[in-house]
Amino acid sequence: MAQFRLQGSKVLAVDMTGDAVKAKNGAMVAYDGQMAFKKMSGGGEGLRGMVTRRLTGESMEVMEVKGHGTCYFADRASEINLVRLSGEKLYVEASNLLATEAALRTGTTFTGLRGASQGNGLFTTTVEGVGQAAITSDGPAIVLRVTSGTPLNVDPGAYIAHTGNLRQDFQTGVSWRSLLGESGGESFQIRFEGEGLVYVQPSERNTIGGQF
């Protein structure tokens, strides 16, 4: 089984003994030992996955890395966060997914207006199974717990990923600032309710919702 570990906070080292990982195309920065690289069509899901992604607008170019040794991955000096899955599903923006163990299954799911507000389409990427995944963030991410009694509101541009049994609602919040033309870009928010974890980065993407 491939072993994920961090070298600092911005480089992912994956130790392999003949196994494989899936990673963002072009994310390899160095390796030792013997490695083979293969580009995977449609995010590693064959023709069906490729067609799905074209229809949904969720774009993710993936390569398979297999061999013996250590392979190092990074993405534009972004911070890297390790997520260990034990059968549950991880929902993550395609641009923030760096690498997964080969045994984890990837797919897409409908996000509705949340995706439209972010300018990322109406679908997001899912990762499911038992193993590790590495996700990136612009700055050190924080992991916020949502419980039945403590819902969470997140700016769409700061959202990275979530796990657990969470319900998402897309909300518009008109405050006195927005009425006076002094909105800070938080007119649209994602509200999470239920039980789970939400990954948030300390930086906001340019989103469609924040411009309304």
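I started with N81, which sits in strand β5, residues 79-92. The model is a predicted one, and I kept that in mind throughout.

Is N81 buried or exposed? I found a relative accessibility of 15%. The limit for buried is under 20%, so N81 counts as buried.

Next I asked what the side chain of N81 reaches. I noted a polar contact of 3.3 Å to the side chain of S137. Setting aside neighbours within four places in sequence, I listed A133, A134, I135, T136, S137 and A141 as the contacts of N81.

Then I followed the strand pairing. β5 runs antiparallel to β11, with three bridges between them. Here I saw Y91 standing opposite H162 of β11. I moved on to β11 and β12, which are also antiparallel and share 13 bridges. H162 turned up again, with V198 as its bridge partner in β12.

How many aromatic pairs does the whole structure hold? My search returned two. I looked up Y159 and F192: their ring centres are 5.8 Å apart and their planes meet at 20°, so I logged the pair as stacked. Y159 belongs to β11 (residues 159-172) and F192 to β12 (residues 188-200), so this pair links distant parts of the chain, 33 residues apart. I also checked burial here, and both Y159 and F192 are buried.

Technical notes:
Residues are numbered from 1 along each chain as its sequence is written. This is a predicted model: local features need pLDDT of at least 70, side-chain atom pairs count only at pLDDT 80 or more; totals for chains, interfaces and linings use all residues. Side-chain values use heavy atoms; hydrogens and water are left out. Rings of Phe, Tyr and Trp (its six-membered ring) pair if their centres lie within 6.5 Å; planes under 30 degrees apart count as stacked, over 60 as edge-to-face and the rest as tilted. Helices (H or I, at least four residues) and strands (E, at least two) are DSSP runs, numbered from the N terminus. Buried means under 20% relative accessible area, exposed over 50%, partly exposed in between (1.4 Å probe, protein chains only). A polar contact is a pair of N or O atoms within 3.5 Å; within protein, one must be able to donate a hydrogen and the other to accept it, and residues adjacent in sequence count only if both atoms are side-chain atoms. Contact means heavy atoms within 4.5 Å. Two strands pair if DSSP finds at least two bridges between them.
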